[in-house]
Amino acid sequence: MLSIVKQKRFFLLAMLCCLCVLCLGCSKPKLAEPEGKPLYTLTDSTGTKVSFLRKPQRIVSLSISTDEILLDLVDHKRIVALTTYVDDEGISNAVEQAKAVKGRVQLGSNPEAILALKADVILLPDFTNADTIQSLRDMQQPVYVYKTPYNLAAVRACIQELGQVVGEKEAASQILAKMDARLNKLRQQLGNIPPAQRKQVVFMGDKGAYYSPEHSFNDICKYAQVHNALAQLHFTKPVTVAQEEIVRLNPDAFILSGWVDSTDQEPNALAHNLRHDASYASVKAVQNNAIYPLPAKHLLCLSQYIVEASYDLARAVYGKELEN
């Protein structure tokens, strides 16, 4: 009889221990499991699988590139917040479209502010601080980290990827088709300029001439039928090119960004400095006053609007009247 009582006491003690373990386990939040079978599951650039029970109806964008892509990709009612940059006419191609979306957020925003948006998906570029990503995931937020595009091929891949994320593959294909149509129209208007007659250009910034073999500027030059003079140096990695090399290459034109992220600077300050820098006095770009600030919203763009930069560049260096 005593052994039976002991067995019962042991059983009750074991049950209490199990309940304590369960309670302790509940004290630490776990990632919410989807209720029901996901409509689709995708793996983001961090290797994290993200499941969707339906097409996201509350989308938050934390990059100007995704702002522009989303506004052409989904019904604006499905977007609850865009970045503050989308309202800057100097860098945004979607100022008017963005007026249909009330919410604004910044990449460095307090995670609680993003939490209040109650998003179905939060789109983050992969250059986002890892701690920010983890903080949002710790708060059970549906984060999808996409690979930041760096050239035209990567922009196209990004549009397709985001189309999958928001469940709009066909709309993504339509955006790509419009890009192709714009580039084909530019090719028809320019004709086929012989390589020997194509202008040599260099993209200049405040810190000098920057070159990367995978930079979007190479694609912009290609479709504008000009040569990126820095390609002659055959660098295999990103580099800031020495002033002496620029003088030796003697480009036909300097290309500048027509936007600065500071109210303390004048947009034309760099152009003024180049014109009056004695080191560049012998360069054709300076001698012919061929220093062209182009709209940064196209030149620095990593969305579908990147194709417009080739129009801007061709108009500047060839003086052609090109149809939109």
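Here is a short walk through this structure, from its open sheet to its cores and ring contacts. This is a predicted model, in which local features need pLDDT of at least 70 and side-chain atom pairs count only at pLDDT 80 or more, while totals for chains, interfaces and linings use all residues. Residues are numbered from 1 along each chain as its sequence is written, and side-chain values use heavy atoms, leaving out hydrogens and water.

Let's begin with the open sheet, whose five strands run in the order S5-S4-S3-S6-S7 with parallel pairing. Strands here are DSSP E runs of at least two residues, helices are H or I runs of at least four, and both are numbered from the N terminus; two strands pair if DSSP finds at least two bridges between them. S5 (103-105) and S7 (143-146) stand at the edges with a single partner strand each, so one side of each has no neighbour in the sheet. From one strand to the next, the twist averages 20°.

Helix H5 (residues 130-138) lies across S6 (121-125) and S7, running at about 155° to S7. Helix H6 (residues 152-165) also touches S6 and S7, and its direction makes about 165° with that of S7. Such angles run from 0 to 180 degrees between N-to-C directions, with axes fitted to C-alpha atoms, for helices over the stretch in contact; contact means heavy atoms within 4.5 Å.

Next, the interior. A nonpolar core is a set of buried Ala, Val, Leu, Ile, Met, Phe, Trp, Tyr and Cys residues joined through side-chain atoms within 4.5 Å, where buried means under 20% relative accessible area, exposed over 50% and partly exposed in between (1.4 Å probe, protein chains only). The largest core has 60 residues, of which Leu73, Met179, Ile255 and Leu313 touch the most other members. A second, separate core of 20 residues includes Met204 and Leu249.

Finally, the rings. There are three aromatic pairs: Phe, Tyr or Trp (six-membered) rings with centres within 6.5 Å, stacked under 30 degrees between planes, edge-to-face over 60 and tilted otherwise. One of them, Phe254 with Tyr280, is edge-to-face, at 5.5 Å centre to centre and 75° between the planes. Phe254 lies in strand S12 and Tyr280 in the loop between helices H10 and H11, so the pair ties together parts 26 residues apart in sequence. Phe254 is buried at 0% relative accessible area, and Tyr280 is buried at 5%.
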